[in-house]
Amino acid sequence: MLDETDVRILASLQQNAKLTIKELAEELHLTTSPVFERMKRLEKDGYITGYVALVNPEKVGRGQVVFCNVSMPVYTTENIEAFEKIVRQMPQVMECYHLAGMVDYQLKVLVKDIKEYDTFLKTFAEIPMVKVHSSVVVLHDVKYSTEIPLG
């Protein structure tokens with residue numbers, strides 16, 4: 001169970017994971033020892049799963065976002081496991097969600113441009129247990145956030 005201090009730690013770290021324990025303690029009006037212990041507990045209990053730098057996709061040549069909707073005509077446990085294993089190894093796929101509804105999976109794909117997405121689709125089409133249902137090309141971001149609401 002999270003208390004108010006835990007929530008404040010998580011909220012602060014979501015905004016700036018580079019905060020030192022000392023800076024975080026000052027922000028929370030605590031000493032460093034309890035903040036350090038709480039952070040270790042939050043990590044151990046799985047509330048904090050890692051620390052990352054968020055990279056601007058456009059700056060590294062991956063500015064085109066495409067959502068790819070995928071169907072699995074033969075929906076078996078074996079096909080699901082095989083497909084998910086393949087997708088986890090595809091660096092262009094940033095996110096993949098198993099859905100209930102008209103399509104079985106939605107993938108968020110980052111590529112340089114539409115030409116690269118076309119190449120990606122040709123490779124993707126070789127996966128025997130799936131078919132691409134549709135692709136949706138993103139024109140621009142309206143909102144992008146990595147912060148999970150805690151309140």
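The structure, a predicted model, holds four aromatic pairs. Rings of Phe, Tyr and Trp (its six-membered ring) pair if their centres lie within 6.5 Å; planes under 30 degrees apart count as stacked, over 60 as edge-to-face and the rest as tilted. Phe-83 and Phe-124 form an edge-to-face pair, with 6.0 Å centre to centre and 85° between the planes. Phe-83 belongs to helix α4 (residues 77–88) and Phe-124 to helix α5 (residues 114–124), so this pair ties together parts that are 41 residues apart in sequence. Helices (H or I, at least four residues) and strands (E, at least two) are DSSP runs, numbered from the N terminus.

The rings of Tyr-117 and Phe-120 are stacked, because their centres are 5.8 Å apart and their planes are at 25°. Tyr-117 and Phe-120 are three residues apart in helix α5, which means a separation of about one helical turn. Ring pairs link Phe-83, Tyr-105, Tyr-117, Phe-120 and Phe-124 into a cluster.

| Residue | Relative accessible area | Class |
|---|---|---|
| Phe-83 | 0% | buried |
| Tyr-117 | 4% | buried |
| Phe-120 | 4% | buried |
| Phe-124 | 1% | buried |

The buried residues of α4 are Asn-79, Ile-80, Phe-83 and Val-87. These residues lie on the same side of α4, because they cover an arc of only 100° around the axis, the arc being that of the directions from the helix axis to the C-beta atoms. The face turned away from the buried side of α4 carries the exposed residues Thr-77, Glu-78, Glu-81, Lys-85 and Arg-88. The cover over the buried residues of α4 includes β1 (64–71), β2 (93–98), β3 (105–111) and α5, where contact means heavy atoms within 4.5 Å. The end C-alpha atoms of α4 are 17 Å apart, which agrees with the 16 Å that its 12 residues should span at 1.5 Å a residue; the expected span is 1.5 Å times one less than the number of residues.

Residues are numbered from 1 along each chain as its sequence is written, and side-chain values use heavy atoms, with hydrogens and water left out. Local features need pLDDT of at least 70 and side-chain atom pairs count only at pLDDT 80 or more, while totals for chains, interfaces and linings use all residues.

Methods
Buried means under 20% relative accessible area, exposed over 50%, partly exposed in between (1.4 Å probe, protein chains only).
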